[in-house]
Amino acid sequence: MSLLKKNKLILTFLFVLGMIGFAFYTLTMEPPTSIENRKVDFTGSADELLVKITDHTEEWQDKIVVVSGEVSSSDDKGIMLSRKIYCQLKQVTDLQKINPSNNISLKGRIIGYDDLLEELKLDQCIIQ
Amino acid sequence: MKKVALVLFLLISFSTFAQKYYTKTGNTQFKASVEAFEPVAATNNSTTAIINVTSGEIASLLFIKAFNFRVALMQEHFNENYMDSSTFPKATFKGLISNFNLSDISSTEKKYLLKGILTIRGVEKEIKTPAIFSQSEDKLLMKASFGVQPEDFNIKIPKIVSDKIAGTINISLAYEFIEKK
């Protein structure tokens with residue numbers, strides 16, 4: 001084998017190794033899927049959702065839902081939907097789009113039933 | 001007679017109706033990083049906490065699955081292998097702040113002793129830590145940080161990753177309470 005050919009072979013080998021390493025790194029270091037790209041598990045009104053998940057909220061953890069309802073109140077991080085569901089917004093600037101007592105629909109992730117305040121909690125909510 | 005009854009009623013209702021402050025979006029962080037390796041840390045921005053400012057009692061709750069990691073794979077391992085978050089979805093804390101008095105708290109920071117029971121994966125552990133309180137406009141701010149060991153909560157760290165995860169996990173809290181009306 002000539003020297004040139006050998007060098008070429010080594011270079012190709014290193015290049016392939018680098019590519020594999022890079023692919024491995026990007027795959028393992030991938031950030032969590034953003035809510036925009038996640039599949040919706042339930043669509044409906046706030047009351048329908050509450051009826052559906054009562055008694056087995058554990059199974060609904062980390063599920064993505066699209067819920068609609070009346071904005072009963074809001075604070076600086078999120079809104080109360082139909083008095084029973086607290087929706088923490090992904091972007092607080094979304095609060096400007098909301099008028100109290102209006103009906104809205106939002107996509108969010110169920111994180112669990114908060115038994116201290118007795119309400120269902122959603123996070124990463126985006127107004128639809 | 002009616003007036004006396006009314007005054008009595010008001011007195012009773014005032015004494016039983018304790019003043020409370022709460023937050024739904026408290027920030028709880030943990031760090032278990034070891035230098036030279038990928039940082040092992042996550043933030044939970046959805047911690048609920050209620051504080052009874054009359055008695056100094058405090059209760060808080062967070063959902064394990066609401067811890068956000070930078071890396072998806074790490075978040076998955078945290079939930080499935082270490083925290084069993086489907087079986088134990090919550091971590092709770094119930095405690096008491098010694099000598100707590102709301103009127104002593106101003107914009108300058110004041111240190112109190114926070115004592116209570118932390119429950120993770122259904123295992124209880126007593127925590128004693130200083131907590132710093134201050135007030136900013138209508139908000140009551142609380143900051144605290146303490147360390148826990150994974151073994152305390154029966155969390156087993158496999159040998160191959162044990163040198164990438166710190167032996168003591170540092171938990172820090174930053175809660176902004178508002179008055180509950």
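Chain A contains two helices and six strands, where helices (H or I, at least four residues) and strands (E, at least two) are DSSP runs numbered from the N terminus. Along the sequence these elements follow the pattern α-β-α-β-β-β-β-β. The model is predicted, so local features need pLDDT of at least 70 and side-chain atom pairs count only at pLDDT 80 or more, while totals for chains, interfaces and linings use all residues. Residues are numbered from 1 along each chain as its sequence is written, and chains are lettered from A and ligands numbered from 1 in the order in which they are written.

The overall dimensions come next. The C-alpha trace of chain A spans about 80 × 35 × 25 Å along its principal axes. Its radius of gyration, taken over C-alpha atoms, is 24 Å, whereas a compact globule of 128 residues would have a value near 14 Å (by the rule of 2.2 Å times the number of residues to the power 0.38). Of the 128 residues in chain A, 23% are buried, that is, have 20 or more other C-beta atoms within 10 Å of their own, with C-beta atoms placed from the backbone.

Two residues are in contact if their C-beta atoms, placed from the backbone, lie within 7 Å. Among the contacts in chain A with a separation of 6 or more, 52% join residues 24 or more positions apart.

The contact between the chains takes 20 residues from chain A and 19 residues from chain B. On the side of chain A that touches chain B, strand 4 (85-89), strand 5 (103-114) and strand 6 (119-127) each supply at least two residues. Strand 5 of chain A gives the largest share, three residues. This side of chain A divides into seven nonpolar, six polar and seven charged residues; Ala, Val, Leu, Ile, Met, Phe, Trp, Tyr, Cys and Pro count as nonpolar, Asp, Glu, Lys and Arg as charged, and the others, Gly among them, as polar.

Notes
A residue is buried if 20 or more other C-beta atoms lie within 10 Å of its own, exposed if 12 or fewer, and partly exposed in between; C-beta atoms are placed from the backbone.
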